[in-house]
Amino acid sequence: MTDSTILRRREGLMTADMNGSTVMMDIATGKYYNLGEVGGRIWELLEAPLTVAALVRKLTAEYDVSAEQCRADLLPFLAKLVERGLVFEG
């Protein structure tokens with residue numbers, strides 16, 4: 001995954017806010033995921049397809065984190081979402 005990789009959410013997932021933490025249910029598999037607060041914000045930002053670079057810019061504008069640290073934390077999180085079929089590349 002690179003800065004120019006475009007990511008988009010998979011349709012058909014139910015989400016809810018649970019005291020500031022976003023939880024998600026994959027209806028097709030019956031699995032639940034807790035995205036947490038920042039993960040929930042990332043999910044919100046992916047409402048429209050975005051590049052990794054755009055996600056980093058938006059997150060660094062909202063949170064007190066450097067672009068390098070944001071990218072280092074973001075890429076493994078996004079990789080897990082892709083691995084679980086919750087987010088698609090391209």
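Modeller: Helices (H or I, at least four residues) and strands (E, at least two) are DSSP runs, numbered from the N terminus. By that rule the chain holds three helices and six strands. Their order along the sequence is β-β-β-β-α-β-α-α-β. This is a predicted model: local features need pLDDT of at least 70, side-chain atom pairs count only at pLDDT 80 or more, and totals for chains, interfaces and linings use all residues. Residues are numbered from 1 along each chain as its sequence is written, and side-chain values use heavy atoms, with hydrogens and water left out.

Now the sheet. Strands of a sheet pair through backbone hydrogen bonds, either parallel or antiparallel. Here, two strands pair if DSSP finds at least two bridges between them. The sheet is open, with three strands in the order S5-S1-S6 and antiparallel pairing. Strands S5 (50–51) and S6 (87–89) are the edges; each has a single partner strand, so one side of each lacks a neighbour in the sheet. Strand S1 (residues 6–9) pairs with S5 over two bridges, in the antiparallel sense. Ile6 has Thr51 of S5 as its bridge partner.

Among contacts (heavy atoms within 4.5 Å) between residues at least 6 apart in sequence, 51% join residues at least 24 apart. Of the 90 residues, 33% count as buried, meaning under 20% relative accessible area with a 1.4 Å probe, protein chains only. Along the principal axes, the C-alpha atoms fill a box of roughly 35 × 30 × 20 Å.

Definitions and conventions
Buried means under 20% relative accessible area, exposed over 50%, partly exposed in between (1.4 Å probe, protein chains only).
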